[in-house]
Amino acid sequence: MWAPEEDYRQPLLTNSRVSGNNNGRGEGSTSPSSRLQPEHSSRKCNDILFALLFLLVIGGMAAISGIAYTKGDPSKLVPNAPNIPSIPGFNTNTTSSENPIEQYFVSHLESLVAELKRDKDILIYSVLLAIALGAAWIQLLKSFTRFFIYFTLCVGVALVATLGGLFIALGHKEGSESTMIVGGCILVCTLALIIVIVYLRKSIDLTCAMFTETCRGVQRSPSVFIIASLVVLFFIGFIAYWTSSFIYLFSIPGSTVNPLNDNTASEANSTNSEQEQSAFNTKIRNLMYFMIFGFFWASSFISAVFQHCVAGVVSNWYFSRDPTGKSLVGQENAYRSLGRALTTSFGSLAFGSLLIAFIEFMAFMLRVCKNSNATNKLVVMVVSCLQCILGCIESIVRWINKFGYIYVAMHGHSFCTSTKECFDLISRNMFNAVIMDFIGGLVLLLGKILGSAASALFTTALLYGMGKSLNPITIALSAVFAFCIFNLFTHIVGIGTDTIFVCYLEDLETNKDGNLYISPDLHELLQDKCNECKEKEQKNQSKV
């Protein structure tokens with residue numbers, strides 16, 4: 001599945017204008033000892049305060065979960081039988097000790113589990129197919145990058161145009177003018193998309209080269225996929241833990257005044273009515289806000305660890321190559337990057353994820369405020385404006401964090417230092433206006449969609465060929481699993497591409513314009529982009 005070492009000596013683009021004697025790694029390159037690597041200070045633990053604060057929050061969540069599991073009673077969240085609406089096809093006149101709503105959900109759940117158990121082999125096959133397709137997609141993306149990008153863009157434009165034509169046809173058939181207007185707007189967007197793609201056609205070569213270089217680095221350390229899978233499994237387990245804790249916390253009875261003391265029930269509680277006894281403790285429920293904040297911080301931290309691992313793998317591979325393209329980096333590269341993420345870089349990743357968590361929590365509180373004041377139009381308008389502003393801030397912070405994490409993985413500096421040095425590096429090399437165009441993101445997005453569609457078609461064909469009923473749940477799950485697997489692959493490629501870009505700027509400053517680590521044709525494409533930015537800036541200054 002993985003390319004041989006000789007493949008790394010090939011040019012990124014088959015029609016490259018760069019000869020072997022151009023600047024970069026060519027036949028005329030000097031020895032590897034003449035190439036300099038960026039300065040690396042000895043790694044040490046940074047942002048220790050935020051690491052301790054993160055561990056304190058995790059400990060607080062564990063303590064609250066203990067209270068919830070001890071005092072909570074999720075069965076009280078199920079409505080009583082008299083309040084249940086009539087369920088078609090279900091007999092409520094039952095002598096069972098279970099109430100009707102429990103029987104209804106249990107029966108449907110058992111039916112669903114039975115269907116999935118029957119089709120479990122097909123689901124396993126679909127997951128294995130998605131993994132194989134993802135690995136093949138990485139290889140094909142490296143070998144036929146230009147074709148893949150043009151094919152993906154054509155498919156994307158065709159899908160948008162088809163959607164617009166469908167809306168117009170439905171509107172014409174149903175006599176709905178608004179539906180036809182929506183279809184017309186979609187067709188206008190299709191035209192705008194075509195114009196943008198034609199305008200950015202010169203960037204496609206750059207996107208091709210960046211993707212190819214990234215795939216080479218990722219394939220050299222395939223253990224990064226193992227680390228990525230472990231991170232995803234850990235995140236799924238965390239979601240399951242947090243959800244169960246949240247449900248138990250929400251169901252703590254109102255008689256539990258002090259959850260830390262089992263002897264808090266007073267004599268007055270024994271005289272309360274049955275409705276009062278089943279009331280929930282609203283004061284204890286306020287701890288849910290802490291659990292929500294902890295969820296935002298922990299999930300952002302897990303994402304930061306993932307980004308750090310991929311960035312560490314790609315950057316180590318980038319600066320470990322000799323002039324022929326060979327690298328001594330092996331399977332242990334990903335594990336070392338994970339180890340640094342959980343040790344020396346732990347506090348820096350906690351700091352960066354705290355910024356995202358705080359913004360997400362503020363957005364959550366704004367949604368709560370908006371829902372609780374839905375009848376007040378002035379409050380709704382103000383909160384909506386604040387949500388828009390906060391959404392813009394969140395996008396900017398996520399973009400900043402992405403490059404901050406890359407620099408943390410490369411050098412092991414603190415988060416603030418890494419972020420500042422990374423953006424100083426970008427601005428010094430005239431790339432402050434051009435980081436990556438939208439073409440790469442569109443290719444990765446459509447790759448996930450096409451992978452999901454392929455898995456769903458495979459599952460449907462397999463069910464039909466085996467003479468089984470076409471269970472929509474099984475088909476939908478196969479598509480969801482495939483989307484998650486392809487999302488993992490594409491996320492790795494996306495982070496790797498940004499890392500290659502930052503490594504190139506470090507390489508350019510350290511080795512100037514000769515004997516670079518980067519592939520020659522990618523160096524030329526990036527320099528063309530840089531010169532284009534310089535020309536635009538000079539024109540703007542001359543106009544002023």
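The backbone oxygen of histidine 413 lies 3.5 Å from a polar atom in the side chain of serine 348. That contact comes from a predicted model. The protein chain has 544 residues, and 43% of them count as buried. It holds 18 helices and 0 strands.

**Around serine 348**
- Serine 348 sits in helix α13, residues 346–372.
- Serine 348 counts as buried because its relative accessibility is 1%, under the 20% cut-off.
- The side chain of serine 348 also makes a polar contact of 3.0 Å with the side chain of aspartate 47.
- Beyond neighbours within four places in sequence, serine 348 touches Asn46, Asp47, Val408, His413, Ser414 and Phe415.

**Salt bridges**
- The count of salt bridges is 5.
- Arginine 398 and glutamate 360 pair through their side chains, at 2.5 Å from N to O. Arginine 398 is in helix α14 (residues 377–411) and glutamate 360 in helix α13, so this pair ties together parts 38 residues apart in sequence.
- Arginine 398 is partly exposed at 39% relative accessible area, whereas glutamate 360 is buried at 16%.
- Lysine 402 bridges to aspartate 498, with the closest N and O atoms 3.3 Å apart. This pair links distant parts of the chain: lysine 402 belongs to helix α14 and aspartate 498 to helix α17 (residues 472–511), 96 residues apart.
- Shared partners join Glu360, Glu394 and Arg398 into one salt-bridge network.
- Lysine 402 is partly exposed at 23% relative accessibility; aspartate 498 is buried at 9%.
- Glutamate 213 and arginine 216 form a salt bridge, their closest N and O atoms being 3.9 Å apart. Both lie in helix α6 (residues 201–220), 3 residues apart, or about one turn of the helix.
- Glutamate 213 is buried at 0% relative accessibility, and arginine 216 is buried at 3%.

**Aromatic rings**
- The whole structure contains 21 aromatic pairs.
- Ring pairs connect Phe54, Phe293, Trp297, Phe301, Phe346, Phe361 and Phe364 into a cluster.

**Surface**
- The accessible surface of the protein chain is about 28,300 Å², and carbon and sulfur atoms account for 65% of it.
- Ile226, Leu230, Val232, Leu233, Ile236 and Tyr335 make a nonpolar surface patch of about 560 Å².
- Helix α7 (residues 223–250) supplies the largest share of this patch, 5 residues.
- Tyrosine 335 lies in helix α12, residues 332–341. Tyrosine 335 is partly exposed, at 41% relative accessible area.

**Contacts along the chain**
- Among contacts between residues at least 6 apart in sequence, 81% join residues at least 24 apart.

Terms used:
Residues are numbered from 1 along each chain as its sequence is written. This is a predicted model: local features need pLDDT of at least 70, side-chain atom pairs count only at pLDDT 80 or more; totals for chains, interfaces and linings use all residues. Side-chain values use heavy atoms; hydrogens and water are left out. Helices (H or I, at least four residues) and strands (E, at least two) are DSSP runs, numbered from the N terminus. Buried means under 20% relative accessible area, exposed over 50%, partly exposed in between (1.4 Å probe, protein chains only). Contact means heavy atoms within 4.5 Å. Accessible areas come from the Shrake-Rupley method with a 1.4 Å probe; for residues, only the protein chains shown count as cover. Rings of Phe, Tyr and Trp (its six-membered ring) pair if their centres lie within 6.5 Å; planes under 30 degrees apart count as stacked, over 60 as edge-to-face and the rest as tilted. Patches are made of residues with over 30% relative accessible area and no salt bridge: like charges are joined within 9 Å, nonpolar side chains (Val, Leu, Ile, Met, Phe, Trp, Tyr) within 5 Å. A salt bridge is a side-chain nitrogen of Lys or Arg within 4 Å of a carboxyl oxygen of Asp or Glu. A polar contact is a pair of N or O atoms within 3.5 Å; within protein, one must be able to donate a hydrogen and the other to accept it, and residues adjacent in sequence count only if both atoms are side-chain atoms.
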